[in-house]
Amino acid sequence: METQRVTEYPTPRQSAARPTGGGARTAAPAPERTAGRADAAHAALPDPRDEPGASDLAAAAPRDAPVPPEVPAPAAGRRPPTGHTRPAGGDEPAGRSRPAEPEPADRGAGPAAAGHPGTEEPDERAERERRGGDRLRFVGAATRRIARGVDLDETVLGLCRASVPAFSDAILVYLRDPLPVGDERPTGPFLLRLRRTDRLPDYAAPASADADPSDTGEFPLPLLNTVPEGAANGTPELIEVRVGGPLAEVLRGVRPVFGDAPTVREALPELLGPAREIPAGRRSILAPLRGRRRVIGAAVFLRRADRAAFEGDDLLVAAQLATHTALGVDKAVLYGREAYIADELQRTMLPDELPQPTGVTLASRYLPAAETARVGGDWYDAIPLPGGRVALVVGDVMGHSMTSAAIMGQLRTTAQTLAGLDLPPQEVLHHLDEQAQRLGSDRMATCLYAVYDPVAHRIVVANAGHPPPVMLHRDGHAEVLRVPAGAPIGVGGVDFEAVELDAPAGATLLLYTDGLVESRHRDVWTGIEQLREKLTDTAGLTRPDTPPPLEPLCDEVLDILGPGDRDDDIALLAARFDGIPPSDVAYWYLDPRAQTARQARRLARRALERWDLTDLSDSVELLVSEVVTNAVRYAERPITLRLLRTDTLRCEVGDDVPQLPRLRQARATDEGGRGLYLVNRLARRWGATRLSTGKVVWFELPMP
């Protein structure tokens with residue numbers, strides 16, 4: 001739920017002010033000029049009816065809304081009139097005197113042609129032109145400030161900061177809840193939520209007489225000592241717009257309306273709350289916020305009683321502010337939806353959480369290239385394999401766009417499928433290369449694929465144009481592994497080579513993408529050397545022969561990134577090799593004979609006695625007998641039986657038959673088909689994996 005925020009604008013106390021905005025007064029105002037000055041911080045603007053998409057809403061405008069007079073184009077060589085007219089045949093404004101004789105025809109031709117009947121004094125014309133110029137500068141600065149916002153909060157904040165105190169003493173901004181996105185049609189009732197309120201502080205002083213308007217849109221205006229009428233106290237946060245009510249009628253009219261209009265006098269209590277005292281006269285403006293498709297909110301501008309009231313041209317100013325804000329909100333909502341889609345795409349392409357297989361500890365990091373490019377082609381993965389092994393994968397598709405992320409997702413899925421077949425690393429890269437060529441001739445990627453065996457304490461690595469991995473040994477020495485680079489995936493017709501290396505217990509292997517070690521400020525080998533030195537320094541912070549914690553190590557590794565080094569996505573996968581000691585492994589080769597099941601039960605019972613796990617003997621002997629019997633029935637070569645003691649007891653039976661067993665419900669007349677049913681009922685987990693030489697059926701039992 002969005003909550004409202006209130007911002008007060010402290011203004012330094014100064015000694016004098018010049019009349020540059022609405023209600024501005026000089027230190028010693030002349031009586032005949034004070035009443036004739038209104039808000040000079042705002043400019044005469046084009047009629048909103050001339051804007052695209054507004055013509056169809058003109059007929060729906062409230063009848064109570066005063067429409068400012070239309071101003072024709074100024075004559076050549078003249079500054080545009082501001083739209084302030086003298087009342088024809090009426091009283092002159094207070095403080096102004098009517099000339100004794102009418103102006104000559106040639107002098108009055110300009111104002112009369114511009115829509116100002118009668119004549120005016122030269123100082124009145126200069127004052128009107130100055131105020132019009134101030135309005136234009138204010139609107140230009142205010143719209144620039146609103147347009148600078150990227151997200152929703154920045155856009156609304158830009159409106160508030162530009163309006164207070166230059167245009168109003170307080171502002172309340174309401175947005176539709178929920179905000180519609182794009183062309184989707186809202187469902188349910190029309191709800192407005194108070195998004196933000198800003199106001200002047202309770203203390204103030206006149207601004208400096210020589211102060212100039214700033215580019216931020218905050219023109220120097222006097223701040224008053226009374227509490228603003230636009231304070232947010234008592235304003236409801238969520239309002240339901242009643243169909244056919246006065247507020248719905250004003251919002252449907254689209255145009256800003258003064259608060260003294262009859263319809264608005266009824267709509268403001270519905271919007272601000274019945275307990276609020278609405279300022280009398282033209283001291284409030286209700287401006288609907290219309291986006292590209294529909295009304296998405298409303299803004300209420302309020303002025304204090306001791307400040308000059310709004311004028312007719314201020315409706316045009318409010319219309320411009322509301323239009324730019326509504327379009328900015330639409331832009332922010334669409335940007336937020338795109339960012340959400342990008343985040344979801346990237347999140348689904350990467351693993352939600354890493355597995356924790358036996359004998360290895362894993363940690364990872366992913367950083368996008370920038371906030372504006374949240375998706376990319378970098379990925380990492382950890383895939384458990386039969387026998388307690390684990391496949392470690394890291395890859396990088398060229399580019400960081402939606403297309404790169406889509407290709408990355410297909411390659412990652414292919415790698416998971418190939419890993420499930422337990423193919424050698426070089427074969428996995430070969431099939432990934434073929435898949436990339438099927439996706440397109442320009443689909444290039446680098447990849448490093450490694451398989452760690454915690455029992456043998458060995459690792460097999462194959463590389464396809466990827467930066468080499470770095471291994472941090474238990475003694476604190478960091479080493480860049482010598483792995484043949486190979487060609488990138490997608491080149492085609494290239495053989496990949498795998499190497500087998502030692503993976504001692506306590507060592508840490510780091511797989512990463514080139515975004516970590518390469519940037520516009522350094523080449524890839526300089527970055528790899530910095531990574532190796534960083535690992536050595538981090539290992540020196542811990543006790544000798546004690547590997548550093550894995551999660552803090554990943555954070556320390558990212559510290560090698562300096563300013564300007566985030567040119568590409570970064571994927572980091574760290575694996576701490578714990579291994580499985582030989583004393584926790586029991587392994588046998590058994591000939592496929594009729595007596596093999598009995599032999600397997602005896603060997604398993606002896607192993608459990610050695611590990612002091614005799615409580616599991618009955619269950620293990622029964623399940624081993626069933627699985628070995630199935631293997632002996634079809635195998636032609638010796639079968640394997642292995643028991644692993646870790647946090648669970650794992651039993652694996654391998655044979656040379658590629659067909660995987662399938663759990664089925666045996667009928668009462670069937671003589672077989674109940675072995676896997678017993679395994680499924682008694683084991684905590686079980687499964688079967690196809691190998692290049694056959695298959696492995698395994699099950700796990702919890703430790704007593």
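## Surface

The protein chain has an accessible surface of about 32300 Å² (Shrake-Rupley method, 1.4 Å probe; for residues, only the protein chains shown count as cover), and 51% of that surface belongs to carbon and sulfur atoms. This is a predicted model, where local features need pLDDT of at least 70 and side-chain atom pairs count only at pLDDT 80 or more, while totals for chains, interfaces and linings use all residues. Residues are numbered from 1 along each chain as its sequence is written, and side-chain values use heavy atoms, leaving out hydrogens and water.

## Overall make-up

You'll find 14 helices and 22 strands in the protein chain; these are DSSP runs numbered from the N terminus (helices: H or I, at least four residues; strands: E, at least two). Of the 704 residues, 52% are buried, with buried meaning under 20% relative accessible area, exposed over 50%, and partly exposed in between (1.4 Å probe, protein chains only).

Take the contacts (heavy atoms within 4.5 Å) between residues at least 6 apart in sequence: 72% of them join residues at least 24 apart.

## Strand S6 and its partners

Strand S6 covers residues 284-290, and six of its seven residues are buried, so the rest of the structure largely encloses it. Strands count as paired if DSSP finds at least two bridges between them. S6 runs antiparallel to strand S5 (residues 257-258), with two bridges joining them; here Phe258 stands opposite Ile285.

Strand S7 (residues 295-302) is also antiparallel to S6, joined by seven bridges. Ser284 has Leu302 in S7 as its bridge partner, and four residues sit between S6 and S7 in their hairpin.

Most residues other than glycine have a negative phi, and most peptide bonds are trans. Here are some exceptions. The bond from Val164 to Pro165 is cis, with omega near 5°, and Pro165 lies in the loop between helix H4 (152-163) and strand S2 (170-176). Asp177 and Pro178 are joined by a cis bond as well, with omega about 0°; Pro178 is in the loop between S2 and strand S3 (191-199).

Asp422 has a positive phi near 60° and is buried at 13% relative accessibility. Asp612 also has a positive phi, about 60°, but is exposed, with a relative accessible area of 65%.
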